[in-house]
Amino acid sequence: MRKPVALAHASRLLNHGPTVLVSSAHAGRRNLMAAAWSMPVEFTPPRIAVVIDKSTFTRELVAASGAFAINLPCRAQADLAFTVGSTSGRDAVARGTDKFAEYGIEAFDGPELGLPLVAGCIGWLECRVIAEPHTEQAYDTFFAEVVSAQADARVFEGGKWAFGPENADLHTLHHLGSGVFAVAAEVVRAKPLPGPPKGQS
Ligand SMILES: Cc1cc2nc3c(=O)[nH]c(=O)nc-3n(C[C@H](O)[C@H](O)[C@H](O)COP(=O)(O)O)c2cc1C
């Protein structure tokens with residue numbers, strides 16, 4: 001059943017972690033884009049990496065402000081995630097508005113940095129960029145420290161996600177490509193493999 005995968009699609013084998021919405025603001029302008037490429041990179045202090053393409057309006061606001069927020073959208077927000085990931089805030093600015101207003105996306109202020117956070121999401125992280133000019137230029141990757149974190153208690157309990165059939169509309173979205181998402185549908189509880197008999201090394 002093994003067959004080659006085009007290198008252009010190789011990242012899709014790895015990248016069905018949760019799709020996020022990157023929100024940003026600077027000098028009275030605000031914006032929102034989708035990002036499938038983000039990941040934790042350090043435990044303490046918590047640090048993350050996210051890929052923000054040079055062509056995006058988000059990139060301009062993040063570079064200018066040194067901050068962004070990660071919003072975790074849920075199943076019910078698939079169309080919102082796809083839409084803000086397929087349109088540019090630059091075009092909205094040219095029309096004298098922004099994506100939040102154009103698509104009726106409700107936002108509230110982040111507790112630490114005052115960044116616009118998206119209502120109806122299930123998790124929110126405010127992040128301060130760690131300046132890495134070479135990395136940002138060479139790879140489009142931003143490293144950042146998480147300075148505030150919030151989550152919807154209906155699906156995040158005791159420090160971990162609590163997905164079940166009773167909260168299906170609140171499960172994370174995982175981008176498979178071309179606007180197709182999977183959701184975290186089933187929970188599997190792992191147990192250790194039997195391994196060698198006890199006492200043997
Ligand atoms: C589901 C999805 C995931 C995406 N992931 C990324 C990503 O990880 N990094 C990136 O730079 N662009 C990504 N994009 C594209 C940006 O969201 C897109 O270029 C967006 O229009 C940029 O908006 P802006 O110009 O308003 O900042 C993704 C788009 C979609 C629909």
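Two residues are taken to be in contact if their C-beta atoms, placed from the backbone, lie within 7 Å. Helices (H or I, at least four residues) and strands (E, at least two) are DSSP runs, numbered from the N terminus. The structure is a predicted model, in which local features need pLDDT of at least 70 and side-chain atom pairs count only at pLDDT 80 or more, while totals for chains, interfaces and linings use all residues. Residues are numbered from 1 along each chain as its sequence is written.

The chain contains 6 helices and 13 strands. Its C-alpha trace spans about 70 × 40 × 40 Å along the principal axes. A residue is called buried if 20 or more other C-beta atoms lie within 10 Å of its own, exposed if 12 or fewer, and partly exposed in between, with C-beta atoms placed from the backbone. By this criterion, 30% of the 201 residues of the chain are buried. Among contacts between residues at least 6 apart in sequence, 61% join residues at least 24 apart.

Helix 2 has five residues listed as buried, namely Phe 57, Thr 58, Arg 59, Leu 61 and Val 62. The elements covering the buried residues of helix 2 include strand 1, strand 2, strand 5, helix 4, strand 8 and strand 9. After helix 2 comes Gly 66, with a positive phi near 70 degrees.

A nonpolar core is defined as a set of buried Ala, Val, Leu, Ile, Met, Phe, Trp, Tyr and Cys residues joined through C-beta atoms within 7 Å. The largest such core has 37 residues, and those with the most contacts inside it are Leu 21, Val 22, Ala 35 and Ala 69. Two or more residues of this core come from each of strand 1 (20–26), strand 2, helix 2, strand 5 (67–72), helix 3, strand 7 (116–118), strand 8 (123–130) and strand 9. Strand 5 supplies the largest share, 5 residues. In soluble globular proteins, nonpolar side chains tend to be buried together. Leaving aside residues up to four places away in sequence, Val 22 touches Met 33, Ala 35, Val 50, Ile 52, Thr 58, Phe 68 and Ile 70.

A residue is near a molecule or strand if its C-beta atom, placed from the backbone, lies within 6 Å of it. There are 22 residues around the ligand, of which Asp 53, Thr 56, Thr 58, Gly 85 and Gly 89 come nearest. The elements giving two or more residues to this shell are strand 2 (29–35), helix 2 (57–65), helix 3 (78–84) and helix 4 (89–94). Strand 2 gives the most, with 4 residues. For composition, Ala, Val, Leu, Ile, Met, Phe, Trp, Tyr, Cys and Pro count as nonpolar, Asp, Glu, Lys and Arg as charged, and the others, Gly among them, as polar. The shell around the ligand divides into 10 nonpolar, 10 polar and 2 charged residues.

Two strands pair if DSSP finds at least two bridges between them. Strand 9 pairs in the antiparallel sense with strand 4 over 5 bridges, and also with strand 8, in the antiparallel sense, over 8 bridges. Within strand 9, Phe 143 is the bridge partner of Ala 49, and Ser 148 stands opposite Glu 126. Glu 145 also lies in strand 9 and counts as partly exposed because it has 14 C-beta neighbours inside 10 Å. Residues up to four places away in sequence aside, Glu 145 touches Pro 45, Arg 47, Cys 127, Arg 128 and Ile 130. The C-alpha atoms of Glu 145 and Thr 56 are separated by 21 Å, the two residues being 89 apart along the chain.

Most residues other than glycine have a negative phi, and most peptide bonds are trans. The peptide bond from Thr 44 to Pro 45 is cis, with omega near -5 degrees. Pro 45 is placed in the loop between strand 3 (38–42) and strand 4 (47–51). Asp 140, a residue other than glycine, has a positive phi near 65 degrees. Asp 140 lies in the loop between helix 6 (133–139) and strand 9 (141–151) and is partly exposed, with 16 other C-beta atoms within 10 Å.

Strand 12 and strand 13 pair in the antiparallel sense over 4 bridges, with Gly 177 opposite Val 180 in strand 13. Their hairpin has 2 residues between the strands, and Ser 178 there takes a positive phi near 55 degrees. Ser 178 is exposed, with 6 other C-beta atoms within 10 Å.
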